[in-house]
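Trainee: Please take a close look at the charged side chains in this model and how they pair. I would like one connected account.

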Amino acid sequence: MRILIVEDEEPLAEAIARGLRREGMAVDVALDGDEGHEKASITRYDVVVLDRDLPGMHGDQLCREIVASGALTRVLMLTASDAVSDRVEGLSLGADDYLAKPFAFPELVARVRALARRATPVTPPVLVAGDLELDPARRTVTRAGQPVELTRKEFGVLEVLLAARGSVVSSEELLERVWDENADPFTTTVRVTVMTLRKKLGDPGLIDTVVGSGYRVRAAK
């Protein structure tokens, strides 16, 4: 999943980003409302973690802009106040959830994951293709009942391919969904990751290359 953090306290923003990346998410960071607006306008994010009191474009206005765009992006609003009136006001702006600072990081992760599920088409809790099973919640993969150890990026690529249910996914889409803005679009990153993923999944092969289009998992359901 692709996450944008818009938070002007840089140490906090980077700490959240590091933590979410450890959870296997692709994370971009913006340090003011204008930068956040620019990034949200260019990239489709599953969730925007949005500080309410921002320099430049205020968090309230950025929230309105995201909602007005019609995107499936979900907004988790952060604020230093936990007053009921502030929560009500934040939600009335179109935010999907609200979290007061300071917060417990596991709670932030749980809320981000819950919102991300609402930002994408409904998929089964466990993704299956033949004898391959991927459990996004537990972050486990098994084939023929045997565990398969994957890196975060390999797991992310496999999750996107399985969620596509047999449809072709382009390299560009994989790069956007699994990596963050620091990824070089002209590298062979996606191809190399798919190659190592194929090796780890073993035979018979499940991932097809569709020349000129991308990749797909056969028999995904």
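Mentor: With a relative accessibility of 33%, Glu 107 counts as partly exposed. The model is a predicted one. Glu 107 forms a salt bridge with Arg 111, at 2.7 Å from N to O. Both residues belong to helix 5 and are four residues apart, about one turn of the helix. Arg 111 is also partly exposed, at 23% relative accessibility.

Arg 111 has another partner: its side chain meets that of Asp 97 in a salt bridge, again with 2.7 Å from N to O. This pair links distant parts of the chain, since Asp 97 sits in strand 5 (residues 97-100) and Arg 111 in helix 5 (residues 105-119), 14 residues apart. Asp 97 has a relative accessible area of 18%; the limit for buried is under 20%, so Asp 97 counts as buried.

A further salt bridge joins Glu 154 and Lys 200, whose closest N and O atoms are 2.8 Å apart. Glu 154 is buried, at 5% relative accessible area, whereas Lys 200 is partly exposed, at 38%.

Elsewhere, salt bridges with shared partners connect Glu 7, Glu 9, Asp 51 and Lys 101 in one network. The structure has 15 salt bridges in total.

As for rings, Arg 139 lies over the face of Phe 155, at 4.1 Å from the ring centre. Aromatic pairs number zero in the structure.

Technical notes
Residues are numbered from 1 along each chain as its sequence is written. This is a predicted model: local features need pLDDT of at least 70, side-chain atom pairs count only at pLDDT 80 or more; totals for chains, interfaces and linings use all residues. Side-chain values use heavy atoms; hydrogens and water are left out. Rings of Phe, Tyr and Trp (its six-membered ring) pair if their centres lie within 6.5 Å; planes under 30 degrees apart count as stacked, over 60 as edge-to-face and the rest as tilted. A charge sits over a ring if NZ of Lys or CZ of Arg is within 6 Å of the ring centre and within 35 degrees of the ring normal. A salt bridge is a side-chain nitrogen of Lys or Arg within 4 Å of a carboxyl oxygen of Asp or Glu. Helices (H or I, at least four residues) and strands (E, at least two) are DSSP runs, numbered from the N terminus. Buried means under 20% relative accessible area, exposed over 50%, partly exposed in between (1.4 Å probe, protein chains only).
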